[in-house]
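I opened a structure today and kept short notes on what I looked up. They are in the order in which I worked.

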Amino acid sequence: MNGNSLQSTVRDQLPVILVFAALLVIPPLFFDPSTTYLSRRFITVMVFAIFAMALNIIFGETDQLILFMGGIAAVGTYTTVLTAEYLAVSPWLTLLVGAFIAGVFGGLVCYVAARRQFTVIVLAIVTFAFQMIIMEVIIGLRDITGGSTGIPFRALDVEFVESLTGVGPFAIQFYVLVAVFAVVFFLYTWLTNSKYGLAFAAIRQDEFAARATGIDVIRLKVFAGFISTFIIGFVAPFYAKTTGIIIPGLFSFQGVDVLVLIILVLGGLRSRFGPLVGAAIVIYLDNLLSQFGQWRTVTFGLLLTILFIYFQDGILPSATELWEERGIREKLPGLRSGE
Amino acid sequence: MLAQGLELLIDGLARGVILSLFGLGITLVFGLGEILNLLLGVFAVVAVIASSMILGSVPGLVFAALIAVALVALFAFVLDRTVISLVYREEGEDRILLGIFVTLGLSLLFEGLLFIYYPGGRFLESGVGSVSLGPLGITGSSIAVIATAAVLFAGIYYFFNNTYLGIGTRTVIQDETGAVLCGINPRKVQSIVFVLSAAIVGAAGVLYALDAEVTPASSFELTTFAIMVSIVGGVDSISGTVAAGIILGIIMTIAGALFGSYLATVTLFATAIAVLIYKPEQIS
């Protein structure tokens, strides 16, 4: 009995175990100390997977479409780096400050949106306007932010762990991000299986009915907004680190929001592994197309259009559905013969 | 001092009427069919590129612009019959979301294509000389812009108040079911207005290029300006959008002269946010 239930738990959790095991062996297999290019791409995949998971919580679960993920990432990064510089401490210590400011900002926007009963399009436009303002302000305040020239950023290394374990700096970056991914992943799993998941589903289906049954819609929307933007703000400095310099262009609408949207929809809204699969595909494509200049923009535009018209369910859920359908069909002859 | 202020006001008015025309491009399509057309700026850039290419083989900018606007209208017609029709198949919130993402995807697609085949910036020359009235110096482009826009506004006003199609359009904006009961086919009106909005924005793009450089990258910026103007004016109000464009144009020009151009842009977005927080039903 006990052994059986243990076995079935292991079988249910097998995909999770396999995915994390695969993530853990990536650095020893692919991270070549002589060329940092490939390692950087893997780190970018993890960063965007986490961004997409954050969007999954706020947009997938509570239907709040935010279009200032780039701006939130910028708020997180600049706060982290500038406070670290100002206090003359390591950015590791100020990571939480940046994430907290980003989260409070995001939560505040969601609070106003929920209080004023914004429809999806109003929130999308307000956050988009904030994205533009944040960009303009960062470029405008060049005395503080370095403007378009940017701030060189090479911190967030952990030398003592490197010397202790003999693992390279990029591998450690990657493992840190895998850890963050794991935390967000289990947080998301827990959220959707708890009473919060039920409340989110109620809000998604009919907000007024949800309110009538006693769900505090405003509190839940702000909660989802805070968590999502906190996560984006926390991971953003690692994103900036992949280029070694913090410039406003890193956080543009086209550079962050468009990619994250494609990733989330490609992987599948409200799918647990969707963001990771989507991020891997999109960053791989991005890599492939980067040598063709503007054809990259053309391809992503086409991808976004086709994806939304024809594959709104995402590839991972569609593939799972196909798999399950086939499984049933294979069993059908057996069922008919009376087994 | 007074002369300077007046000059600023006229420049602001010229900028404002262009913003109004762009805002109308959003208002007409969203008010009518709930599609937030994010590829609007592409129409403006295509019109500018086409005008500057045709300019050599026709007598003047006016002819070149007319042909270019006709080409843009054709382009919009093809888009409407193909991709946009798929968006109109959805209903309610699904259509709004699908509209945002599909037009965003298309705008990236065309922006990329424009970058590949027609990179670089373009100016257009109005050919109208500066005029000085006493101490006032008014640039030729401002005169050309305000005069052309006045003609366009008169045409748009006539269309929406005196033609069957225009009145039909306003009926669909107010109440789609009621319009159907009156024998108006909403989908047909939506098509015509989509093409009309592209033509208006094409003309606005040509006017914009008289005073500023237009590159493929301008398309996205122009779209965002159009959305903000449309929101401040209220997305189902044609007169509101025109007024909002003119007021914002003047405010942006004065803010730009006083505090620098980056704060002028911030003013525009901040106004839009403030309006939406105060009156979220402006767009819904």
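**Entry 1: the model.** I noted before anything else that this is a predicted model.

**Entry 2: chain A as a whole.** I counted secondary structure in chain A and found 15 helices and two strands. Of the 339 residues in chain A, 43% are buried. For contacts in chain A with a separation of 6 or more, I asked what share joins residues 24 or more positions apart. The share is 76%.

**Entry 3: two helices of chain A.** I picked helix H2 (residues 37-62) and helix H11 (residues 217-241) of chain A, whose axes come within 9 Å and cross at roughly 170°. An angle over 145 degrees counts as roughly antiparallel, and H2(A) is therefore roughly antiparallel to H11(A). Next I listed who meets whom. The residues of H2(A) in this contact include Val47(A), Ile50(A), Phe51(A) and Glu61(A). On the side of H11(A), I found Leu220(A), Lys221(A), Ile231(A) and Phe238(A) among them. Sorted by class, the contact of H2(A) with H11(A) has 15 nonpolar, three polar and two charged residues.

**Entry 4: where the chains touch.** How many residues does each chain give to the contact? I found 36 residues from chain B and 31 residues from chain A. On the side of chain B, the elements that give two or more residues are H3, helix H4 (92-117), helix H9 (218-233) and helix H11 (261-278) of chain B. H4(B) supplies the largest share of that side, with 17 residues. The classes on the side of chain B that touches chain A are 29 nonpolar, five polar and two charged residues.

**Entry 5: one residue of chain B.** I went to Leu66(B), which sits in helix H3 (residues 61-88) of chain B. Why does Leu66(B) count as partly exposed? Leu66(B) has 16 C-beta neighbours inside 10 Å, while a buried residue needs 20 or more and an exposed one has 12 or fewer. Last, I looked up Ala203(B), which is 137 residues from Leu66(B) along the chain. The C-alpha atoms of Leu66(B) and Ala203(B) are separated by 8.1 Å.

Note on methods
Residues numbered from 1 in each chain as written. Chains lettered and ligands numbered in written order. Predicted model: local features only at pLDDT ≥ 70, side-chain atom pairs only at ≥ 80, totals over all residues. Helix = DSSP H or I, 4+ residues; strand = E, 2+ residues; numbered from the N terminus. Contact = placed C-beta atoms within 7 Å. Axes fitted to C-alpha atoms, helices over the stretch in contact; angles between N-to-C directions. Parallel < 35°, antiparallel > 145°, perpendicular 65-115°, else oblique. Nonpolar A, V, L, I, M, F, W, Y, C, P; charged D, E, K, R; others polar.
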